[in-house]
Amino acid sequence: MPTARSAQLSTILTDHAEAVRAAWLDASSVELRGRSTRGELEREQSDIYDALVEGLRDGGSELGDAAFDQLRGILADVSGARARLGFTPRETAMAVFALKEGLYSLVDDDVRAHLTPLMRLVDDLGLYTFENYADAREAIITEQAEQLMELSTPVVKLWEGIVAVPLVGTLDSARTQVVMEKLLNTLVETGSEHAIIDITGVPAVDTQVAQHLLKTVVAARLMGAQCTISGIRPQIAQTIVALGIEFGDIRTRASLADALVDALREKKRPTSEVRG
Amino acid sequence: MTTTSPTTGTRQPVRDDSDVVRVRQAVRRLAQQARLSLVDQTKLVTAASELARNTLVHGGGGEAEVELVTSGLRTGVRAVFSDQGPGIADLDLALTDGWTSGGGLGLGLSGSRRLVEHFAIDTTPGVGTRVEIAAWAR
């Protein structure tokens with residue numbers, strides 16, 4: 001497309017700016033009902049429209065052209081903001097597709113009556129494809145998050161007969177299950193009788209986390225292992241007290257080092273004296 | 001009374017476990033911004049975690065609003081959790097330590113009240129529940 005043609009398009013858009021933008025705004029407000037106010041949309045669209053007209057005037061013909069640098073920047077911002085606000089891919093893409101509704105008003109009646117329904121349908125096909133693609137991507141991300149969860153819960157052997165689980169991050173039901181299984185298996189495999197669960201990396205211990213920890217400890221004890229919870233930081237200790245959680249006779253230590261020293265000391269004593 | 005600066009708050013849905021984590025992160029971020037002590041930060045975050053989970057588990061999902069607030073010279077963080085769930089029939093019972101309706105420890109609601117400076121609950125059976133908490137920098 002020669003530069004002259006771009007300039008011509010820019011003139012068309014400028015001449016019919018009011019009608020095109022009004023139709024554009026109407027179309028996207030219908031699609032985004034309740035998610036975005038009309039004022040927000042209008043501001044957003046006026047930015048996009050101005051950048052488009054300017055880009056065309058500067059001779060831009062393809063989106064990759066330098067003349068459209070600003071337009072690309074605005075579109076990237078708008079899409080990013082919508083993704084963070086939880087808009088669907090369809091709602092996001094409509095910000096741009098709805099502009100075509102404005103352009104339909106420029107073509108002559110005959111063409112409009114015959115072709116616009118088809119063009120709308122094609123747009124819908126595109127949006128549908130895009131949405132499915134995004135769903136598939138989302139599924140992949142969820143899958144990876146699950147894999148990460150397994151990776152992030154290693155059970156390490158600290159000493160002969162002593163294993164530790166350094167917990168990092170959020171402890172939900174799914175992850176507790178993974179941790180518990182891994183810990184119990186490792187206890188059997190390594191023939192260990194001491195397990196240390198370190199929660200230094202757990203940002204907050206609420207009742208759910210505490211309950212999960214208690215269950216894991218009880219399970220380890222049922223298998224005959226001594227279990228210590230270590231890594232109780234001062235702020236966590238105060239929060240646990242205020243919440244009213246009781247760890248009962250479960251042994252807790254401030255640091256992993258303390259817990260390890262304890263376990264080593266007990267290993268030296270005859271088993272009959274060991275109490276947990 | 002309290003005034004709110006509009007730029008420093010978020011409203012987010014509480015629909016699944018990952019939303020609970022997001023609410024917690026938002027509360028932590030604002031608590032750091034409000035310069036709460038580490039202990040108060042942790043307490044507020046823990047309370048927010050409990051209440052967000054209550055919204056999810058008992059309220060059937062809802063939303064959380066977190067914002068920075070100022071009162072005189074003090075800065076603080078306020079979090080509001082609301083749902084259109086079944087509500088709480090017996091509030092006194094629900095606020096009793098150790099009473100649980102869902103197999104938990106029964107300390108979530110009562111414990112949260114002890115974790116924060118301001119705690120207000122408004123519930124109507126069949127209509128929903130709204131819990132407001134706030135903590136202030138000392």
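What follows is a chat about a predicted model with chains A and B.

Colleague: Okay, before I get attached to this thing, what kind of model is it?

Modeller: It's a predicted model, so keep that in mind throughout.

Colleague: Fine. How many helices and strands does chain A have?

Modeller: Chain A has 11 helices and 5 strands. Of its 276 residues, 27% count as buried.

Colleague: And how many in chain B?

Modeller: Chain B has 4 helices and 5 strands. Going from the N terminus, its elements run β-α-α-β-β-α-α-β-β. Here 41% of the 138 residues count as buried.

Colleague: Which contacts in chain A join residues at least 24 apart, as a percentage?

Modeller: If you take contacts in chain A between residues at least 6 apart in sequence, 71% join residues at least 24 apart. For chain B that figure is 64%.

Colleague: Let's do the sheet in chain A. What order do the strands come in?

Modeller: The order is E1-E2-E3-E4-E5, in an open sheet of 5 strands with mixed pairing. Strand E1 (156-159) and strand E5 (251-253) of chain A are at the edges with a single partner strand each, so one side of each has no neighbour in the sheet. From one strand to the next, the twist averages 30°.

Colleague: What packs on that sheet?

Modeller: Helix H8 (residues 173-190) of chain A does, touching E1, strand E2 (162-168) and strand E3 (194-201) of chain A. The direction of H8 makes about 165° with that of E2(A). Helix H9 (residues 207-222) of chain A packs on the sheet too, touching E3 and E4 of chain A, and the direction of H9 makes about 155° with that of E4(A).

Colleague: Different spot. Where is Tyr49(A) found?

Modeller: In helix H3 (residues 38-57) of chain A.

Colleague: Buried or partly exposed?

Modeller: Tyr49(A) is partly exposed, because 19 other C-beta atoms lie within 10 Å and the cut-off for buried is 20 or more. Have a look at Leu99(A) as well: Tyr49(A) and Leu99(A) are 50 residues apart in sequence, but their C-alpha atoms are 9.0 Å apart in space.

Colleague: Now the part I care about. How many residues does each chain put into the contact between A and B?

Modeller: 17 residues from chain A and 21 residues from chain B. On the chain A side, H9 and H10 each supply at least two residues. The largest share of that side, 6 residues, comes from H10(A).

Colleague: What classes of residue make up chain A's side?

Modeller: The side of chain A that touches chain B has 7 nonpolar, 8 polar and 2 charged residues.

Colleague: And what does H10(A) meet over on chain B?

Modeller: Helix H4 (residues 108-115) of chain B, for one. The axes of H10(A) and H4(B) come within 8 Å and cross at roughly 125°. The two helices are therefore oblique to each other.

Colleague: Which residues make that contact?

Modeller: H10(A) brings Thr239(A), Ala242(A) and Leu243(A), while H4(B) brings Gly111(B), Arg114(B) and Leu115(B).

Colleague: Which residues of H4(B) are buried?

Modeller: Gly108(B), Leu109(B), Gly111(B), Ser112(B) and Leu115(B). Looking down the axis of H4(B), these fall within an arc of 165°, so they line one face of the helix.

Colleague: Why would spacing like that put them on one face?

Modeller: An α-helix has 3.6 residues a turn, so residues three or four places apart point the same way.

Colleague: What do the buried residues of H4(B) pack against?

Modeller: Elements from both chains: H9 and helix H10 (234-243) of chain A, together with helix H2 (38-57), helix H3 (91-94), strand E4 (118-124) and strand E5 (128-136) of chain B.

Colleague: Last one, those two strands. How do E4(B) and E5(B) pair?

Modeller: They're antiparallel, over 7 bridges, with Thr124(B) opposite Gly128(B) in E5(B). E4(B) and E5(B) form a hairpin with 3 residues between them, and Gly126(B) in the turn has a positive phi of about 85°. E5(B) also runs antiparallel to strand E3 (residues 74-83) of chain B, joined by 8 bridges. There, Phe81(B) has Val131(B) as its bridge partner.

Methods: Residues are numbered from 1 along each chain as its sequence is written. Chains are lettered from A and ligands numbered from 1 in the order in which they are written. This is a predicted model: local features need pLDDT of at least 70, side-chain atom pairs count only at pLDDT 80 or more; totals for chains, interfaces and linings use all residues. Two strands pair if DSSP finds at least two bridges between them. Axes are lines fitted to C-alpha atoms, for helices over the stretch in contact, and angles run from 0 to 180 degrees between N-to-C directions. Two residues are in contact if their C-beta atoms, placed from the backbone, lie within 7 Å. A residue is buried if 20 or more other C-beta atoms lie within 10 Å of its own, exposed if 12 or fewer, and partly exposed in between; C-beta atoms are placed from the backbone. The arc is that of the directions from the helix axis to the C-beta atoms. Angles under 35 degrees count as roughly parallel, over 145 as roughly antiparallel, 65 to 115 as roughly perpendicular and the rest as oblique. Ala, Val, Leu, Ile, Met, Phe, Trp, Tyr, Cys and Pro count as nonpolar, Asp, Glu, Lys and Arg as charged, and the others, Gly among them, as polar.
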